[in-house]
Structure formats: structure tokens, C-alpha cells
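Subject: Structure handover

Hello,

Here is the structure for you to look over. My notes follow below.

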Amino acid sequence: SMPELSTQLVSTWLKDYADVINENTNYLTDLDRQIGDADHGSNMSRGMAAVAALDPTTFPDAPALLKKAGMTLVSTVGGASGPLYGTFFLRLGTSLPAAGQLDAATLAAAMKAGLDGIVARGKASLGDKTLVDCLSSAVDAAQKAANEGKSFAEALAAASKGADEGRDATVDMIARRGRASYLGERSKGHLDPGAASMAMLIDSAARTLA
Ligand code: ADP
Ligand code: MG
Ligand code: MG
């Protein structure tokens with residue numbers, strides 16, 4: 001059956017993701033040490049701790065909570081990832097309805113809105129070795145599932161698989177955006193840290209929302 005969109009449902013997702021980021025702070029920072037400045041884990045950890053502290057009962061609906069989560073990330077994370085993840089949650093908030101049952105088409109449209117926001121803000125193209133490669137692959141999988149008439153849960157599972165594939169594809173790419181681009185060819189052979197944290201976000205959604 002289709003879940004009902006609510007502040008509690010969204011809060012469960014955000015808190016689960018904050019836990020996942022906490023457990024993976026060192027892993028994400030180690031990835032960023034290879035091709036960046038070794039702060040992606042701490043950036044995401046600081047931001048998601050602030051998001052997890054938001055009280056869902058103080059928001060009128062799920063979109064309001066998502067918008068506040070986005071603004072919280074923008075204001076608490078200094079690095080590139082703050083405004084990009086912040087934009088993602090803001091766009092989810094403007095795309096999703098205030099209430100109603102979640103289906104595959106609603107999911108795909110919201111994820112696409114989030115992706116478009118990240119691209120508008122960061123100007124990354126496919127293949128630039130960023131979190132866009134992960135999210136774009138997840139969006140493609142969600143849209144395909146929606147077009148095939150799959151359920152919300154099936155579309156989320158497909159999106160999670162797509163996210164993992166998009167994340168793994170960043171290993172062989174040469175970075176063209178963000179700090180890793182300073183390394184040029186030497187960025188090849190390393191997983192992009194933002195793609196890793198984005199795959200964790202979609203995986204968290206698949207475990208908590210469906
Ligand atoms: P900073 O690079 O400022 O230290 P983080 O380490 O927190 O910030 O985040 C780095 C991640 O941000 C990268 O691994 C990449 O996925 C993502 N990123 C950086 N710049 C862009 C961009 N212009 N568009 C999309 N993603 C980007
Ligand atoms: Mg960094
Ligand atoms: Mg930094």
C-alpha cells in the first residue's frame with residue numbers, strides 16, 4: 001500500500017540518514033582525503049545533526065519540514081555539499097504536495113526536481129564525478145519504474161539500486177567540478193565522496209519511506 005506523506009514519515013527518514021552519516025563520518029572523510037580536503041564526513045555530520053534536531057511536530061506539513069531541513073543544511077555546512085544538499089531538500093519541499101499518498105510518479109517527479117535544483121546551483125554535468133552522477137542514475141531508475149506502473153516501494157528500491165550504480169561509476173571518472181577537479185587525471189580511480197553520501201541518502205529513503 002502507498003504510504004501517507006507526513007511530517008513524521010519525513011522526520012523518520014531525516015533522522016535515519018543522520019544516523020547513517022554519523023556511522024560513516026570517517027569513511028566519507030577518508031574518501032574526501034583522497035581527492036579533496038578531508039571534510040566531507042564532518043560537513044555532512046554537522047549538517048545532518050542540525051537537521052535531526054528539528055522537531056517534526058512544529059511544522060504544518062512535510063514540505064515545510066523539508067524546506068527547513070534544506071535551509072538548515074545551507075546555513076550549517078560550510079563546504080560545497082551544504083548548498084547542494086540544501087537545494088535538494090528545498091526542491092523536494094516545493095515539489096511534493098502538502099499531503100496525500102505517495103506513489104512512484106510523485107517520487108520520480110520530486111527526485112527530478114531535486115536533481116534539477118542541484119544542477120542549477122552547481123552546474124555539474126553527467127560524468128563530472130560528483131553527487132549528480134549518483135542522483136541522476138537514481139532519478140532515471142525511479143522514472144523508469146514509474147513509467148512501467150511500478151509501486152512506490154518498487155520505484156524506491158529501483159532508485160536505490162540506480163544510486164549505487166551511479167556512485168560506483170564515479171570511480172573511473174575524471175573530476176571536472178569541485179575540489180577534486182584540481183587533481184585532473186589523478187582524481188581517476190577514487191570514489192567521489194558526495195556520490196557516496198548521496199547513495200546513502202537514497203538507500204535511507206528506501207529503508208524508511210516504503
Ligand atoms: P568541499 O568540496 O567544499 O570541501 P564537501 O567535501 O563537503 O565540500 O563535498 C564535496 C562533494 O561535493 C564532492 O565529492 C562532490 O560530489 C560534490 N560537489 C562539489 N562541487 C559540486 C558541483 N559543482 N556540483 C555537484 N556536486 C559537487
Ligand atoms: Mg571536502
Ligand atoms: Mg571543504
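Which element gives the largest share of the shell around ligand 1? It is α9, with 3 residues.

Some ground rules. This is a predicted model: local features need pLDDT of at least 70, side-chain atom pairs count only at pLDDT 80 or more, and totals for chains, interfaces and linings use all residues. Residues are numbered from 1 along each chain as its sequence is written, while chains are lettered from A and ligands numbered from 1 in the order in which they are written. Helices (H or I, at least four residues) and strands (E, at least two) are DSSP runs, numbered from the N terminus.

Ligand shell

Ligand 1 is surrounded by 23 residues. A residue counts here if its C-beta atom, placed from the backbone, lies within 6 Å of the ligand. Gly79, Ser81, Gly122, Gly178 and Gly194 are the closest. Two or more shell residues come from each of α3 (40-52), α5 (81-95), α7 (131-147) and α9 (193-208). By class, 7 are nonpolar, 9 polar and 7 charged. Nonpolar means Ala, Val, Leu, Ile, Met, Phe, Trp, Tyr, Cys and Pro; charged means Asp, Glu, Lys and Arg; the others, Gly among them, are polar.

Helix α9

α9 has 16 residues. Its first and last C-alpha atoms are 23 Å apart, close to the 22 Å expected at 1.5 Å a residue (1.5 Å times one less than the number of residues). The helix is largely enclosed by the rest of the structure, because 14 of its 16 residues are buried. Buried means 20 or more other C-beta atoms within 10 Å of the residue's own, exposed means 12 or fewer, and partly exposed is in between; C-beta atoms are placed from the backbone.

Core

The largest nonpolar core holds 59 residues. Such a core is a set of buried Ala, Val, Leu, Ile, Met, Phe, Trp, Tyr and Cys residues joined through C-beta atoms within 7 Å. Leu107, Ala138, Ala142, Ala155 and Ala159 have the most contacts inside it. α7 gives the most to this core, 10 residues.

Two lysines

Lysine 123 and lysine 129 both sit in the loop between α6 (104-122) and α7. Neither is a glycine, yet phi is positive: near 60 degrees for lysine 123 and about 65 degrees for lysine 129. Lysine 123 counts as exposed, with 10 C-beta neighbours inside 10 Å. Lysine 129 is buried, with 27 other C-beta atoms within 10 Å.

Best wishes
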